[in-house]
Amino acid sequence: MSTETTTSDRAPAPAKGRDVRPPRAGRSNGQWAVDGKEPLNPNEVFKQDGDPLGARQRVIDAYAHEGYDSIPDDDLHNRFRWWALYTQRKQGIDGGKTSQLTPSELSDRYFMQRIRMDGTSLSVEQMRTVGGISKDFARGTLDITDRQNLQLHWIRIEDVPEMWRRLDAVGLTTIEACGDTPRGFLVSPVAGIDPEEVIDPSEAARHLHDTYLGNPEISNLPRKFKTAFTGSPTLDVLHEINDISYVGVVHPDLGPGYDLWIAGALSTAPFLGRRLGAFVRPDQVADAWWGVIRIFRDYGYRRLRNKARLKFLMAEWGPERFRRVLEDEYLGYRLADGPAPEPPRGTADHLGVHEQSDGLSWIGAKPPVGRLSGDVMLGLADLAESVGSNRVRTTPLQNILLLDVPPERVEEARQGLIDLGLDPDPAPFTRNMLACTGIEFCKFAIVETKGLAARVAADLDERLADTDLDRPITVHINGCPNSCVRIQTADIGLKGQIITVDGERVPGFQVHLGGGLSKEGHEEAELGRTVRHLKVAATDLTDYIERIVRVYLDEREPEESFAQWAQRADEEALA
Ligand code: SF4
């Protein structure tokens with residue numbers, strides 16, 4: 001899977017989307033600080049019944065020797081997530097059956113393994129280790145996730161201890177890359193090298209990684225907790241849809257630091273994060289994070305998993321009360337008021353050749369729909385070494401950056417990336433297409449995604465090459481309502497479902513139009529709109545997108561983006 005919420009920890013979709021009302025008052029909602037710790041559902045029971053992190057030792061000591069059938073259900077389907085191990089979807093199960101089968105019936109005897117990055121770079125040695133693991137244990141699979149992490153498939157339980165040993169040996173980890181934990185941090189992929197950055201968050205992110213991962217005080221959260229950092233003027237870490245985001249700003253008196261955003265999340269009830277209006281100095285980053293994550297632990301709603309994310313607490317409290325609780329109960333001091341970030345400038349995908357602040361260059365390149373392989377990773381290691389680089393980074397848009405290339409080696413490095421199938425200058429729809437894992441490996445999927453996305457993007461690039469399309473149009477294809485690749489924040493967001501066409505049930509999509517996170521030319525985040533009864537069969541997707549883009553090009557006002565047009569257009573124009 002190459003997306004981060006493709007998981008068996010997903011709550012079932014609420015009957016109605018966009019419902020961020022807090023749970024009912026007048027009964028226990030499982031808030032530890034209010035109601036006590038009595039577990040109110042089976043997930044809360046297993047989390048209290050022994051630290052889920054303890055599952056690692058059982059894999060090493062027992063399951064890897066005794067085999068898949070020796071693994072009890074609570075470890076297999078629950079606690080393994082704390083080490084980012086998930087059973088993958090059994091091959092050949094039709095998407096229409098997804099909701100009718102149990103996790104055990106949907107599960108294959110193989111695992112997905114996620115490796116967290118937290119904004120660090122991969123060295124040549126680490127690339128070779130990951131490439132080798134992919135080839136030796138994962139049938140050559142290797143994806144970049146939408147949270148900059150790496151993901152492998154087809155892992156056998158027997159191979160897990162050796163895989164973990166190799167990762168440990170080069171300083172990589174899988175800890176808490178899934179589960180109800182502090183998930184992998186998004187960090188600007190150009191942190192520390194962008195000549196225009198406001199502040200370099202690398203050290204802050206590293207400090208959190210080194211200090212808090214695996215801490216039992218925060219290994220039982222109500223749900224996942226997502227963190228993001230950026231100091232780049234491109235605002236490249238989706239700060240509106242993380243539980244806590246640090247966005248680089250310059251305070252008029254206190255200098256560079258961060259504006260704090262809290263409680264953003266998508267899924268079936270999308271909610272954009274709220275600014276607290278608080279300025280966080282670099283030396284306060286860890287305090288603020290430790291405070292916010294403990295607010296979530298203590299006050300988050302644990303009764304229902306689909307009401308447990310931090311956004312539901314924020315919906316009840318609002319940013320003022322949230323800040324007051326943070327300062328009064330957790331920090332013990334006041335944060336300064338601070339400015340909002342500047343409107344975004346530049347392109348957040350970081351593709352192409354760019355000069356770094358130290359005079360070297362980074363080259364950003366696109367793997368097709370986020371898909372690498374063990375061979376490509378090994379080739380990348382060789383290429384990096386041969387051009388004098390020892391660093392690559394991944395991005396939230398599933399791209400890869402080769403860092404520190406000397407000016408005289410840039411062309412050689414660029415060509416080397418192309419030879420590996422990593423395109424530094426992809427055509428517009430290929431460049432702006434995201435796809436989740438879909439039915440290939442995900443137990444929640446209803447439709448196929450990655451292969452379809454690659455085909456649709458290539459066809460659109462060909463068919464629309466004759467137009468004067470001068471602004472990017474993002475297309476995000478999701479295999480189910482869970483919104484792993486952000487249905488509601490794309491120009492064209494597609495939610496996989498089975499639809500009926502001429503009396504036949506076929507794979508298709510509900511269409512969301514006109515969404516977007518802040519980016520150049522789109523300063524404010526906005527959630528896409530749906531059009532009543534608008535659904536498109538997978539086989540008609542290219543035709544539909546081509547048609548709607550041509551209508552946009554005909555009807556748009558000067559300087560109007562696709563999203564702006566789609567938000568105001570008549571429903572007939574969008575059908
Ligand atoms: Fe996420 Fe896609 Fe799986 Fe749905 S099908 S849970 S959107 S990866």
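How many residues of domain 1 are in contact with how many residues of domain 3? Let's zoom in and find out.

**View 1. Two domains of the chain touch each other.** This is a predicted model, where local features need pLDDT of at least 70 and side-chain atom pairs count only at pLDDT 80 or more, while totals for chains, interfaces and linings use all residues. Residues are numbered from 1 along each chain as its sequence is written, and side-chain values use heavy atoms, with hydrogens and water left out. The chain splits into domain 1 (42-168), domain 2 (197-337) and domain 3 (430-574); these bounds come from an automatic or database domain assignment. And the answer: 17 residues of domain 1 are in contact with 14 residues of domain 3, where contact means heavy atoms within 4.5 Å. The C-alpha centres of these two domains lie 31 Å apart.

**View 2. An open sheet of five strands has antiparallel pairing.** Follow the order β1-β2-β4-β3-β13. Strands here are DSSP runs (E, at least two residues), helices are runs of H or I (at least four), and both are numbered from the N terminus. Two strands pair if DSSP finds at least two bridges between them. At the edges stand β1 and β13 (371-373), each with a single partner strand, so one side of each has no neighbour in the sheet. From one strand to the next, the twist averages 35 degrees.

**View 3. Here are the two ends of that sheet, β1 and β13.** Four bridges tie β1 to the antiparallel strand β2 (residues 107-115), and Arg89 stands opposite Ser107 in β2. Five of the five residues of β1 (residues 85-89) are buried, so this strand is largely enclosed by the rest of the structure. Buried means under 20% relative accessible area, with exposed over 50% and partly exposed in between (1.4 Å probe, protein chains only). As for β13, three bridges join it to β3 (residues 141-144), again antiparallel, and Asp143 has Arg371 as its bridge partner.

**View 4. Helix α6 meets helix α7.** The axes of α6 (residues 124-137) and α7 (residues 160-169) come within 10 Å and cross at roughly 170 degrees. Axes are lines fitted to C-alpha atoms, for helices over the stretch in contact, and angles run from 0 to 180 degrees between N-to-C directions. The two helices are therefore roughly antiparallel to each other, a label for angles over 145 degrees. Among the residues that meet are Val130, Ile133 and Phe137 in α6, and Met163 and Leu167 in α7. The contact residues divide into five nonpolar, two polar and three charged. Ala, Val, Leu, Ile, Met, Phe, Trp, Tyr, Cys and Pro count as nonpolar, Asp, Glu, Lys and Arg as charged, and the others, Gly among them, as polar.

**View 5. Helix α11 meets helix α12.** The axes of α11 (residues 374-386) and α12 (residues 410-419) come within 10 Å, crossing at roughly 175 degrees. That makes α11 roughly antiparallel to α12. Leu380, Leu383 and Ser386 in α11 meet Glu412, Ala413, Gly416 and Leu417 in α12.

**View 6. Another open sheet of five strands has mixed pairing.** Its order is β16-β17-β18-β19-β20. The edge strands, β16 (433-435) and β20 (529-537), each pair on one side only. Strands β17 (residues 475-478) and β18 (residues 492-501) pair in the parallel sense over four bridges, and Val475 has Ile492 as its bridge partner in β18. Helix α14 (residues 450-463) lies across β16, β17 and β19 (504-513), at about 165 degrees to β16.

Methods. Angles under 35 degrees count as roughly parallel, over 145 as roughly antiparallel, 65 to 115 as roughly perpendicular and the rest as oblique.
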